[in-house]
Number of protein chains: 2
Amino acid sequence: MKRIAIDMDEVIADFIPEQLKRFNIATGKNITIADLHGTKLKYLHNDKIETIHTFQNDPTFFRDLKVMPDSQEVIETLSKDYEIFITTAAMEFPGSFTAKYEWLKEHFSFLSDMNFVFCGNKSIIHADYLIDDNVRHFKNFKGKGIIFTAPHNINERGYDRIDNWKAALDYF
Amino acid sequence: MKRIAIDMDEVIADFIPEQLKRFNIATGKNITIADLHGTKLKYLHNDKIETIHTFQNDPTFFRDLKVMPDSQEVIETLSKDYEIFITTAAMEFPGSFTAKYEWLKEHFSFLSDMNFVFCGNKSIIHADYLIDDNVRHFKNFKGKGIIFTAPHNINERGYDRIDNWKAALDYF
């Protein structure tokens, strides 16, 4: 059985709306998803990096994220033919571990927690496919990297791409 | 550069003394390391499994573990010639994530936290070597499994074995 490793933030967890909501409240600005075309909030507002880190290291931030449309149904379907692992770069926000675990247990209860991986450098992941919004994780990954479309990666080339979870079902 | 994945509990973190101390306090028994020859506390006292789980899911349990003798010096030496990852089966005790992270940051500060991996099923680990006290992790591991001697694994055969960290330095 082939194995698919799947990232969390911006892939199964809808990170950006919560990030923008908290950022706009904290700063009084009105940043929208359109402003993040080809970039990330931390680059667009590097002057507010401490504010961004503060709310992203708040456990409630990751616990409150919405589930990406169709991700539950599609991943449950894929899990019949593929071994599924959730592989998330949690080390950047050590305050997020328990919240991420609880979120996965609630929203992806059909997966075993033995298949959750909290890591940093994803070259440690042994899988046939890695679905991720950050192409940096593909560089030393031995399997096939697949970009999951997010505003910041819209201009990335050189990898297969899926725009949403319905497209993932067609891909596999 | 070849990569060595290293388990935490009973390999770099001295799990058993703290486990026995807390178990004996909680139950009034006097279990010693000699009683764990070829077994684990959870098998020896399956009737007390809830007690064992309760204190092992207490964050202070993992935070208070002593460092295994020579592990810091030897791993720092090995890190000059090998890429080192710490790969721990943290999903069994979700209350332990932050404590394990803080323990690693304190005692193995020469390693990047990008090289910490909290997982369950270690077949997801992509490495050349895995040093672990639990042979079950070697079954679907694609690299070479190396048993780190612990009371419970004393009768295991079929893999290379190192008895302590000084022996690890000779092995590599």
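Axes are lines fitted to C-alpha atoms, for helices over the stretch in contact, and their angles run from 0 to 180 degrees between N-to-C directions. The model shown in these views is predicted.

**View 1. Helix α6 of chain A meets helix α6 of chain B.** Each of these helices spans residues 97-107 of its chain. Their axes come within 8 Å. They cross at roughly 145°. From α6(A), the contact is made by A:F97, A:T98 and A:Y101. From α6(B), B:F97, B:T98 and B:Y101 take part. These contact residues divide into 4 nonpolar, 2 polar and no charged.

**View 2. Helices α1 and α3 cross within chain A.** Two packed helices are described by the angle between their axes and the distance between the axes. Here α1(A) covers residues 15-27, and α3(A) covers residues 49-56. The two axes come within 10 Å and cross at roughly 125°. On the α1(A) side, the contact involves A:F15, A:Q19, A:R22, A:F23, A:A26 and A:T27. They meet A:T51, A:I52, A:F55 and A:Q56 of α3(A). The residues of this contact divide into 5 nonpolar, 4 polar and 1 charged.

View 3. Strand β6(B) holds residues 129-132. B:Y129 and B:I131 point one way from this strand. B:L130 and B:D132 point the other way. All four named residues are buried. Strand β1(B), residues 3-6, pairs with β6(B) in the parallel sense over 3 bridges. Within this pairing, B:Y129 is the bridge partner of B:I4. Strand β7(B), residues 144-148, also runs parallel to β6(B), and 4 bridges join the two. There, B:I131 stands opposite B:I146.

View 4. The loop lies between β5 (116-118) and β6 (129-132) of chain A. Buried means under 20% relative accessible area and exposed means over 50%. A:H126 has 24% relative accessibility, so A:H126 counts as partly exposed. Leave aside the neighbours of A:H126 within four places in sequence. A:H126 is then in contact with A:R3 of chain A, and with B:S123, B:I124, B:I125, B:H126 and B:K142 of chain B. A:M114 is 12 residues from A:H126 along the chain. The C-alpha atoms of these two residues are separated by 15 Å.

Technical notes:
Residues are numbered from 1 along each chain as its sequence is written. Chains are lettered from A and ligands numbered from 1 in the order in which they are written. This is a predicted model: local features need pLDDT of at least 70, side-chain atom pairs count only at pLDDT 80 or more; totals for chains, interfaces and linings use all residues. Side-chain values use heavy atoms; hydrogens and water are left out. Contact means heavy atoms within 4.5 Å. Ala, Val, Leu, Ile, Met, Phe, Trp, Tyr, Cys and Pro count as nonpolar, Asp, Glu, Lys and Arg as charged, and the others, Gly among them, as polar. Buried means under 20% relative accessible area, exposed over 50%, partly exposed in between (1.4 Å probe, protein chains only). Two strands pair if DSSP finds at least two bridges between them.
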